[in-house]
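The sequence and the structure come first, and the description follows.

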Amino acid sequence: SSGINAEYGGIYTFQDVGGAQPVVDECGGHFGPVSDDSDEVVYHYHTRPYVPYTIACQGPSLGKCRKTQTPTSNYCHAGCGADVCVQPGTKPWKLDEYLAQWDRHWLSWYSVNDYKRPHHQEELEKFS
């Protein structure tokens, strides 16, 4: 058990806020904002342009998606290289606020991708 049952935040297109590429876990979801108008964080999924098009398992995957697949098929995403995937540019305090609904320390039990770096576009703007 993951220790958290992320509130279902919906399924969104294969672009993230601001047109960024979503950084998703093996299930096809991640923690992050879902609107350009709000920085509120939820766990949500993104579609992809190939089979299975939507979610591969109920997330967060915590690196365990393969265990949910049949012996002859594996629809898991590649993942972000960590147990938990958070969209880059997500405000850490907003993520903490969201997770505090269940367990404020939950995230410390898992590896997490480097989400505190700014969105790619923001990086480009710094140098222009």
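## Salt bridges

Three salt bridges are present in the structure, which is a predicted model. One of them pairs Asp-39 with Lys-91, with 2.9 Å between the closest N and O atoms. Asp-39 belongs to strand 3 and Lys-91 to the loop between strand 3 and helix 1, so this pair ties together parts that are 52 residues apart in sequence. Asp-39 counts as partly exposed because its relative accessibility is 28%. Lys-91 is partly exposed as well, with a relative accessible area of 34%.

Asp-39 also meets the side chain of Lys-94 in a salt bridge, at 3.9 Å from N to O. Here the partners lie in helix 1 (Lys-94) and strand 3 (Asp-39), so the pair ties together parts that are 55 residues apart in sequence. Strand 3 covers residues 38–46 and helix 1 covers residues 92–99.

Another salt bridge joins Glu-97 to Lys-94, where the closest N and O atoms are 3.5 Å apart. Both of these residues are in helix 1, three residues apart, or about one turn of the helix. Through shared partners, the salt bridges join Asp-39, Lys-91, Lys-94 and Glu-97 into one network.

## Disulfides

How many disulfides does a search of the whole structure find? The search finds three. Counting bonded cysteines along the chain, their pattern is 1-2, 3-4, 5-6.

Cys-27 and Cys-57 are joined by a disulfide with an S to S distance of 1.8 Å. The link between Cys-27 and Cys-57 is left-handed, with -85° about the S-S bond. This pair links distant parts of the chain, 30 residues apart: Cys-27 is in the loop between strand 1 (11–12) and strand 2 (29–35), while Cys-57 is in the loop between strand 3 and helix 1. Both Cys-27 and Cys-57 are buried.

A disulfide also joins Cys-65 to Cys-76, with an S to S distance of 2.1 Å. The angle about the S-S bond is -95°, and the link of Cys-65 and Cys-76 is left-handed. Cys-65 and Cys-76 are eleven residues apart, each in the loop between strand 3 and helix 1. Cys-65 counts as buried because its relative accessibility is 0%. Cys-76 has 17% relative accessibility and therefore counts as buried.

Cys-80 and Cys-85 form a disulfide with an S to S distance of 2.1 Å. Their link is left-handed, with -95° about the S-S bond. Are Cys-80 and Cys-85 buried or partly exposed? Cys-80 counts as partly exposed, at 22% relative accessibility. Cys-85 is buried, with a relative accessible area of 2%.

His-77 is in the loop between strand 3 and helix 1. Because its relative accessibility is 9%, His-77 counts as buried; the cut-off for buried is under 20%.

Which residues are in contact with His-77, leaving aside its neighbours within four places in sequence? They are Val-24, Asp-25, Glu-26, Cys-27, Gly-28, Arg-48, Thr-54 and Ala-56. Among these contacts is Cys-27, whose disulfide partner is Cys-57.

## Nonpolar surface patch

Val-51, Tyr-53 and Tyr-75 make a nonpolar surface patch of about 300 Å². Val-51 is placed in the loop between strand 3 and helix 1. With 45% relative accessibility, Val-51 counts as partly exposed.

## The loop between strand 3 and helix 1

Several features described above involve this loop. Among its residues are His-77, Val-51 and Lys-91.

His-77 is buried at 9%, and Cys-65 is buried at 0%. Val-51 is partly exposed at 45%, as is Lys-91 at 34%.

Methods
Residues are numbered from 1 along each chain as its sequence is written. This is a predicted model: local features need pLDDT of at least 70, side-chain atom pairs count only at pLDDT 80 or more; totals for chains, interfaces and linings use all residues. Side-chain values use heavy atoms; hydrogens and water are left out. Helices (H or I, at least four residues) and strands (E, at least two) are DSSP runs, numbered from the N terminus. Buried means under 20% relative accessible area, exposed over 50%, partly exposed in between (1.4 Å probe, protein chains only). Contact means heavy atoms within 4.5 Å. A salt bridge is a side-chain nitrogen of Lys or Arg within 4 Å of a carboxyl oxygen of Asp or Glu. Patches are made of residues with over 30% relative accessible area and no salt bridge: like charges are joined within 9 Å, nonpolar side chains (Val, Leu, Ile, Met, Phe, Trp, Tyr) within 5 Å. Accessible areas come from the Shrake-Rupley method with a 1.4 Å probe; for residues, only the protein chains shown count as cover. A disulfide is a pair of cysteine sulfur atoms within 2.5 Å.
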